[in-house]
Amino acid sequence: ASRSAARRVVSSLEAMLEVLRGAEDELGRSDAIAGDGDHGRGMLRGVDFATTAAHAAQAAGWGAGGVLEAAADAWADNAGGASGVLWGAGLRAFARAAGNEEPVTPEVVARGVAAYVEAVANLGGAQPGDKTIIDAAAPFRDELAAALGDGRAVPDAWAGAAAVATERAAATSALRPKLGRARPLAERSIGHPDPGALSFALCVNAVAEVLGE
Ligand code: ADP
Ligand code: MG
Ligand code: MG
C-alpha cells in the first residue's frame, strides 16, 4: 500500500516478463503442436516492450491507468501474432476501465479484469470452450469477482483466481480448437493445453506474487 498503483503496474509487468522469459521455450513447444510455434517469442516480445513503455510512463509521473495504457499500446504494436493484438486490447480496456484513481479499490480491480475479458472476447470472437485465452481468463474473472464479492482482500482473491486460471488452462487439453492458427490442425491439439490459456495463467500468477508483497 505504500507503493503507488502506477509503481505496482510496473512491478506486475516486470514479474510477467520474468516468468514469460522462463517459459518462452515451453510456450513455443506448446504452440508448435498445432500452431506455428511462436507464442513464447510473441508473449516475451510483447511484455518486454510493454514493461519498457510502462517504466517510461511511470517515470514521467503518469497514473496507473496511463501507465497500463502505454504498456498495452507497446504490447500490441510489437508482439506480433493474434495473442499480441488481444493482450494489447485487453490491457488497454483494463486501463481505461480502471483509470488513474487511487487507492485502487476491489471494485476497480474487478471492473478492470472484466473489461480485459470483454475486450479479448469481443475482438477475437471466442466463446468459452473454443480453446483460447478466454478459457482461462473468463473463469479467472468469475472467481475474482466472487471472492471480492465475499469481502476477501484483493491479493488473496487474486491468488485464488490465479489458481483457478492454472487449473482451467490445464483443462483446455480436452478441448478442440475452434479459432486461430490451431484450428486446421485441431486433432493434434487434443490432449495438449492451449498455449494462450497457459500463458494467461502464468501472467496472473506472476501478478499474484506482486500483489502479495
Ligand atoms: P498466432 O496464433 O498468431 O501465432 P500466438 O501464437 O502468439 O499467435 O497466440 C496463439 C494463442 O492466441 C492461442 O493459443 C489462443 O489462446 C489465442 N488466440 C488465437 N486466436 C484467438 C481468438 N480469436 N480469440 C482468443 N484467443 C485467441
Ligand atoms: Mg503462434
Ligand atoms: Mg504466429
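In what follows, Ala, Val, Leu, Ile, Met, Phe, Trp, Tyr, Cys and Pro count as nonpolar, Asp, Glu, Lys and Arg as charged, and the others, Gly among them, as polar. By that scheme, the shell around ligand 1 holds 9 nonpolar, 10 polar and 5 charged residues.

A word on the model: it is predicted, so local features need pLDDT of at least 70 and side-chain atom pairs count only at pLDDT 80 or more, while totals for chains, interfaces and linings use all residues. Residues are numbered from 1 along each chain as its sequence is written, and chains are lettered from A and ligands numbered from 1 in the order in which they are written.

**Around the ligand**

Ligand 1 is surrounded by 24 residues, and the closest are Gly81, Gly124, Thr132, Gly180 and Gly196. A residue is near the ligand if its C-beta atom, placed from the backbone, lies within 6 Å of it. Two or more shell residues come from each of α2 (39–59), α4 (81–98), α5 (106–124) and α9 (195–211); α4 gives the most, with 4 residues. Helices here are DSSP runs (H or I, at least four residues), numbered from the N terminus.

**Two of these helices**

The expected span of a helix is 1.5 Å times one less than its number of residues.

| Helix | Residues | End-to-end C-alpha distance | Expected span |
|---|---|---|---|
| α9 | 17 residues | 25 Å | 24 Å |

As for α9, 13 of its 17 residues are buried (20 or more other C-beta atoms within 10 Å of a residue's own; exposed means 12 or fewer, and partly exposed lies in between). Cys203 belongs to α9 and is buried, with 26 other C-beta atoms within 10 Å. Cys203 and Ser12 are 191 residues apart along the chain, yet their C-alpha atoms are separated by 8.8 Å.

**A helix pair**

Now to α1 (residues 5–34) and α3 (residues 64–78), which pack at an angle of about 30° with their axes 7 Å apart. Axes are lines fitted to C-alpha atoms over the stretch in contact, and angles run from 0 to 180 degrees between N-to-C directions. The two helices are therefore roughly parallel, a term for angles under 35 degrees.

Helix α3 also contains Asp77, which counts as partly exposed because it has 15 C-beta neighbours inside 10 Å. Asp77 and Leu20 lie 57 residues apart in sequence and 18 Å apart in space, C-alpha to C-alpha.

Definitions and conventions
Angles under 35 degrees count as roughly parallel, over 145 as roughly antiparallel, 65 to 115 as roughly perpendicular and the rest as oblique.
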